[in-house]
Amino acid sequence: MKLHFTAIALALCSASSLAHVVLEQPTAAAGSYYKATLRIGHGCAGSATALVRVFVPLGMQGARPYPKAGWTLEAPKAPLAQPYDNHGKRVTEDVREITWRGGPLPDAWADEFSFVGKLPTQPGPLAFKVLQECETGKNEWFDIAEPGASKAPAKPAAMLNVTPAAAPAHHH
Ligand SMILES: [Cu+2]
């Protein structure tokens with residue numbers, strides 16, 4: 001990420017295959033409670049970040065955001081197309097997107113934004129789409145790589161590798 005701080009890298013950044021918004025913990029077990037920590041590595045072409053919005057992946061349940069000093073938090077609940085049961089209680093609405101507004105976080109600085117929730121029981125790649133708005137401009141980290149594609153997308157979403165639910169530990 002050090003390269004991002006140079007003028008040359010800034011020009012190359014959007015075309016780079018480096019992940020620009022990444023999850024601190026890129027692997028987790030299906031059905032587990034997962035703390036998603038999104039690391040924002042830079043602003044928008046030199047401009048400071050003033051808003052970070054994450055779209056909770058479909059199938060992730062009971063999302064709860066971590067507040068941050070200097071940022072206001074919005075985490076409205078929305079009706080679910082597919083309600084689910086949680087400890088015998090029917091859940092019909094859930095947090096689908098979380099917005100932190102504030103900062104501004106200078107382009108040359110990095111910060112982290114977190115929420116926790118229960119992962120889907122289905123293993124596989126899970127995309128965390130992030131909208132980053134800056135004092136000038138924005139980045140829509142929404143792109144998902146085609147399977148087998150040779151080039152990374154320009155504005156990749158943060159990706160989590162959801163592994164099959166943990167098997168009993170092996171002892172050697
Ligand atoms: Cu970048």
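Glu-97 comes out as partly exposed in this predicted model, with a relative accessibility of 29%. Its side chain meets that of Arg-53 in a salt bridge, at 3.7 Å from N to O. The two sit in distant parts of the chain, 44 residues apart: Glu-97 belongs to strand 9 (residues 97–105) and Arg-53 to strand 4 (residues 49–55). Arg-53 has a relative accessibility of 18%, so this residue counts as buried, the cut-off for buried being under 20%.

Another of them joins the side chains of Arg-39 and Glu-112, with 3.3 Å between N and O. Here too distant parts of the chain are linked, since Arg-39 lies in strand 3 (residues 33–40) and Glu-112 in strand 10 (residues 111–118), 73 residues apart. Arg-39 is partly exposed at 33%, and Glu-112 is likewise partly exposed, at 30%.

Glu-140 and Lys-138 also bring their side chains together in a salt bridge, this time at 3.4 Å, N to O. Glu-140 is partly exposed, with 35% relative accessibility, and Lys-138 is partly exposed at 48%.

Leu-23 is part of strand 1 (residues 21–23) and is buried, its relative accessible area being 7%. Beyond its neighbours within four places in sequence, Leu-23 is in contact with several residues, among them Tyr-34, Ala-36, Leu-38, Phe-128 and Met-159. As for Ile-40, its C-alpha lies 9.2 Å from that of Leu-23, with the two residues 17 apart in sequence.

Key:
Residues numbered from 1 in each chain as written. Predicted model: local features only at pLDDT ≥ 70, side-chain atom pairs only at ≥ 80, totals over all residues. Heavy atoms only, no water. Helix = DSSP H or I, 4+ residues; strand = E, 2+ residues; numbered from the N terminus. Buried < 20%, exposed > 50% of the residue type's maximum accessible area, 1.4 Å probe, protein only. Contact = heavy atoms within 4.5 Å. Salt bridge = Lys/Arg side-chain N within 4 Å of Asp/Glu carboxyl O.
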